[in-house]
Amino acid sequence: MSWIVSLQKAIDYIEEHLLDEDLSIGKAAEEANSSVFHFQRTFAILTDMPVGEYIRGRRLTLAAQELVRTDRKVIDLAYKYGYDTPEAFTKAFRRQHGMTPTEARNFSGKLKSYNRLVIQVSLKGAEAMQYAIVKKEAFQVAGIKREFSLCNEENLAGIPKMWDEVNSNGTADKLFMLNNGEIKGVLGVCVDNRSKKPDSMDYWIGASFKGDKPDSFECLEVPASKWAVFEVHGAMPHAMQNTWKKIFSEWFPSSGYEHAAAPELEVYSAGNASNPDYYSEIWIPVK
């Protein structure tokens, strides 16, 4: 349950510093004793929204409340809630609330409220999860790597685009042919890069591979780890997303395991990923 406490600490930190100019996802992740990427992933899985969207939503909720309760000028509220200009504030306000600040002050519509989050664990799990605990020696992944900034959640937008490119330009087919290691399939690998470059991560799309570095691909050494390996059955991306959510909302709270400091893997088999019988796996390092 320690990860739940840590996540709540991060949310409490965000709320306490919501109006600070230097509030960052990186600082919130530090409160959770987590990498930025792992914090972003866990937050989004459990709340169905990115952490950046939560921060924006909370600020605009408080701005709307102050707008209708006080006579403060719109320009003053814009600066208070983190916007450089009244125009930027009005645009964001309209996007969330469906009206301008002036219209909200005149009570001409309903406002959309993002309430403060409190993480709770529900008693679920009637549907069995198929998983195994596996100890595995270090292994090599050959593939392509891209560095993503964790600022402004660039990684959340960039990684799906990277997969679209790999699936459309023939790289995925090459990786399936290259795959001669023990883990069968094309891998998505998340690597925390903070020790080398703050607020960044490396994302790999590759295959388990034994041998010398192949032409046109880079190689990554994945360290020896203990893994929780979960079966995923169903069409992408919903089956994968649903399994991630069950892992964090049901399995981790009751398993006694904690997330360990190693890359996470998504393993995609050959075949039609939109097929309801499609098979894939999630590998999570645990301790």
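Visitor: Which helix gives the largest share of the lining of the largest pocket?
Guide: This is a predicted model. Helices H3, H8, H9 and H10 and strands E3 and E7 each supply at least two residues of the lining of the largest pocket. The largest share, 8 residues, comes from H8.

Visitor: What is the volume of the largest pocket?
Guide: The largest pocket has 37 lining residues, and Pro237, Met240, Gln241, Glu266 and Tyr268 lie nearest its centre. Its volume is about 1100 Å³.

Visitor: How many residues of the lining of the largest pocket are nonpolar?
Guide: The lining draws at least three residues from domain 1 (3–106) and at least three from domain 2 (131–285). By class, 9 of the lining residues are polar and 6 are charged, while the nonpolar ones number 22.

Visitor: What is the helix content of residues 8–107?
Guide: An unreviewed UniProt entry places the feature "domain: HTH araC/xylS-type" at residues 8–107. The end C-alpha atoms of this span lie 34 Å apart.

Visitor: How many residues apart in sequence are the parts tied together by Lys80 and Glu66?
Guide: The side chains of Lys80 and Glu66 meet in a salt bridge, 2.8 Å from N to O. Lys80 lies in helix H5 (residues 74–80) and Glu66 in helix H4 (residues 51–69), so the pair ties together parts whose separation in sequence is 14 residues.

Visitor: Is Glu182, the salt-bridge partner of Lys136, buried or exposed?
Guide: Lys136 and Glu182 meet through their side chains in a salt bridge of 2.6 Å, N to O. Lys136 lies in strand E1 (residues 131–136) and Glu182 in the loop between H9 and E3, so the pair ties together parts 46 residues apart in sequence. Lys136 counts as buried at 12% relative accessibility. Glu182, at 56%, counts as exposed.

Visitor: Which strand holds Arg146, the partner of Glu165?
Guide: Glu165 and Arg146 form a salt bridge, with the closest N and O atoms 2.5 Å apart. The pair links distant parts of the chain, 19 residues apart: Glu165 is in helix H8, and Arg146 is in strand E2.

Conventions. Residues are numbered from 1 along each chain as its sequence is written. This is a predicted model: local features need pLDDT of at least 70, side-chain atom pairs count only at pLDDT 80 or more; totals for chains, interfaces and linings use all residues. Side-chain values use heavy atoms; hydrogens and water are left out. On a 1 Å grid over the protein atoms alone, a cavity is a set of points where a 1.4 Å probe fits but cannot get out, and a pocket is an open set with protein on both sides within 12 Å along at least five of seven lines; lining residues have an atom within 4 Å of a point. Grid points are joined across faces, edges and corners, and a volume is the space filled by probe spheres set on the points. Helices (H or I, at least four residues) and strands (E, at least two) are DSSP runs, numbered from the N terminus. Ala, Val, Leu, Ile, Met, Phe, Trp, Tyr, Cys and Pro count as nonpolar, Asp, Glu, Lys and Arg as charged, and the others, Gly among them, as polar. Domain bounds come from an automatic or database domain assignment. UniProt positions are given in the numbering used here, feature names are shortened, and annotations may be inferred rather than shown by experiment. A salt bridge is a side-chain nitrogen of Lys or Arg within 4 Å of a carboxyl oxygen of Asp or Glu. Buried means under 20% relative accessible area, exposed over 50%, partly exposed in between (1.4 Å probe, protein chains only).
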